[in-house]
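Reader: I would like to learn how to read a structure such as this one. Please show it to me and take me through some features.

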Amino acid sequence: MSKRSNEPLLWLLFSAGGVVAALAIPVHLFLFGLAFPLGWIKSPSYESLMALIRHPLAAPYLLVVCSLPLFHWAHRFRYTLFDGLQIKHLNELINTFCYGGAILGTMLAAYLVWTIP
Amino acid sequence: MKPVAGYVPYPPRAFRTRVSTYWWLTSWPYLRFILREFSSVFVAWFVVLTLWQIASLIRGPAAYAGFLEWLRSPFLVALNAVSFLFVVFHAVTWFNLAPKAMAIRMGGKRAPALLITAPNYVAWLAVSAALAWIVLGE
Amino acid sequence: MADQIALEVTRYHPERDREPGLQTYEVPLRPEWVVLDALNYVKDKVDGSLSFRWSCRMGICGSCGMMVNGEPKLTCAAFLSDYAPGPIRVEPLKHFAVIRDLIVDITDFLHKLSKAKPWLIRKEEKPLAEGEYLQTPEQLDTFKQFSMCINCLLCYAACPVYGMDPLFSGPAAIALAQRYNMDSRDQGSGERLDILSHSDGIWGCTFVGECTKVCPKNVDPAGAIQQYKLTAAKEWVKSLLLPWGAK
């Protein structure tokens, strides 16, 4: 009876991140990456954006939107490196880089969200 | 029939072709698959950008104005335009494929994939509209 | 329509060739002929040394899988007229070692298939006096699609992960495991999960989806694998929350 691996956890994080990324990121990128900088839509003022991120629901929302997609990236990029470049023999390095990066990003997001005045 | 003296699990000199590093360029479905997987890089870029944005907001109006200037530079606009296309590609492929993992049954028969895909797109529209309203409405 | 078409066929003699090469044969272009008919014509009339596997010639035995113009196909289902004016390149199934000409070594698949335990597993057998295990049409419908697999291995030829990862179980093996997991008479999903829920079992799959595209029996192995991933994930969560209730 071999012990079942913990891959299911990584796959669940990947799936959750994929859903969050699919639902929320397109509109975010469209507004903040294209519409506001290019002047298609009037950019909200600094004060209104600060009011938004100070809202009690903003912290958990930002944490979810900045953390889960990173785990989605970590899992998917890990397999892209395995299959796309066939460097699976470097899997210890790749796993550390990918999931370590996702964990670091999550910690950074938590820190930033916590320091919102 | 004479018995074989020592069983060799693989026949001698069976020829094995090594898969090329560029296997994903050999057909359009394979390339589309790798592009789909590569979209995750742009998802990660979005997170980096958002963290930067939050950090600039925290540091004050001057820092945020500097961040906005940086966002307007042609390189960033081009990068974000490409990122947007890839992120939309991720969303579309995700909603089209996610139903495969769930064998939803209705009245004894397997539900048609559209019945699960369509609500995903509706949710996408609803979430996008809500977020846009929140950001623009304040 | 022309009356001849060229077939470029892989020849490999392990006792004297360093690597496979292509040999061209001209075969009649009959409207009702498939690639298998052309290969048999070559073997009967032109070159008796050509070796290939085939049996039922009607798409149910799964023996005649080969690469036709770079795509995995059952040669008994690939019509010559679809490839006219040709030439048609016929090569052994990708991702398997070539034993000779168009014959590949499928030992690896057979080993992985048996790991998936594709048979009904019961914890307790019903006593004979109680009769058969009954199953409603709805229960049959949950797994019937996955039971259509003829082990033709076209999906393995299409799967890039199988080509690169020697430990990956592959589409058909996992689809057949799922076929038994979903069978209401089976009680073995826990046993199969122990063996398959590893990075060298089902988790290597990245849902490329080519396996489903090439399957001649519409088994949809990609769908089966994604369903299995979800099942494995649910079981993992359950084992975390209820560690005593091993399935």
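**Reading a salt bridge inside a helix**

Author: C:Glu235 and C:Lys238 both lie in helix α10 (residues 221–241) of chain C, and because they are three residues apart there, about one helical turn separates them. Bear in mind throughout that this is a predicted model.

Reader: How far apart are the closest N and O atoms of C:Glu235 and C:Lys238?

Author: The general idea comes first. Side chains of opposite charge can pair when their charged atoms come close. In this case the closest N and O atoms are 3.3 Å apart, and C:Glu235 forms a salt bridge with C:Lys238.

Reader: Is C:Glu235 buried or exposed? And how does C:Lys238 count?

Author: C:Glu235 has a relative accessibility of 10%, so it counts as buried. C:Lys238 has 44%, so it counts as partly exposed. The cut-offs behind these words are under 20% for buried and over 50% for exposed, with partly exposed in between.

Reader: What lies in the loop between α9 (210–214) and α10 of chain C?

Author: C:Asp220 is in that loop. Its relative accessible area is 11%, so C:Asp220 is buried. Leaving out residues up to four places away in sequence, C:Asp220 touches C:Gln145, C:Phe146 and C:Thr212, as well as B:Lys100 from chain B.

Reader: How many salt bridges does a search of the whole structure find?

Author: Over all chains, the search finds 17. One of them joins C:Arg192 to C:Asp186, with 2.9 Å from N to O. Both C:Arg192 and C:Asp186 are buried. Salt bridges can also be linked: C:Arg11, C:Asp47, C:Arg100 and C:Asp101 form a network of them.

**Reading an interface**

Reader: Let us turn to chains A and B. How many residues of each are in contact, and how much area is buried between them?

Author: The size of an interface is often given as the accessible area lost when the parts come together. Here 52 residues of chain A are in contact with 51 residues of chain B. The buried area is about 4,600 Å², and carbon and sulfur atoms give 78% of that. On the chain A side, the residues that lose the most area to chain B are A:Leu29, A:Tyr46 and A:Arg76, which together make up 15% of what that side buries.

Reader: What is the count of salt bridges between chain A and chain B?

Author: The count is one. The partners are B:Glu37 and A:Arg76, whose side chains meet at 3.1 Å, N to O. B:Glu37 lies in helix α1 (residues 28–59) of chain B and A:Arg76 in helix α3 of chain A, so this pair joins two chains. Both B:Glu37 and A:Arg76 are buried.

Reader: How many residue pairs are in polar contact across this interface? Which helices of chain A supply residues to it?

Author: There are six residue pairs in polar contact, counting those with both residues at pLDDT 80 or more. On the chain A side, α1 (7–35), α2 (46–54), α3 (58–84) and α4 (91–114) each supply at least two of the residues that touch chain B. The largest share, 18 residues, comes from α1(A). By type, the chain A side divides into 38 nonpolar, eleven polar and three charged residues.

Reader: Which strand runs parallel to β5(C), and which one pairs with β5(C) in the antiparallel sense?

Author: Strand β1 (residues 4–11) of chain C runs parallel to β5(C), joined by three bridges. Strand β3 (residues 65–68) of chain C is the antiparallel partner, over two bridges.

Technical notes
Residues numbered from 1 in each chain as written. Chains lettered and ligands numbered in written order. Predicted model: local features only at pLDDT ≥ 70, side-chain atom pairs only at ≥ 80, totals over all residues. Heavy atoms only, no water. Contact = heavy atoms within 4.5 Å. Buried area = accessible area lost by both parts, 1.4 Å probe. Salt bridge = Lys/Arg side-chain N within 4 Å of Asp/Glu carboxyl O. Polar contact = N/O pair within 3.5 Å; in protein donor to acceptor, adjacent residues only side chain to side chain. Helix = DSSP H or I, 4+ residues; strand = E, 2+ residues; numbered from the N terminus. Nonpolar A, V, L, I, M, F, W, Y, C, P; charged D, E, K, R; others polar. Pairing = 2+ DSSP bridges. Buried < 20%, exposed > 50% of the residue type's maximum accessible area, 1.4 Å probe, protein only.
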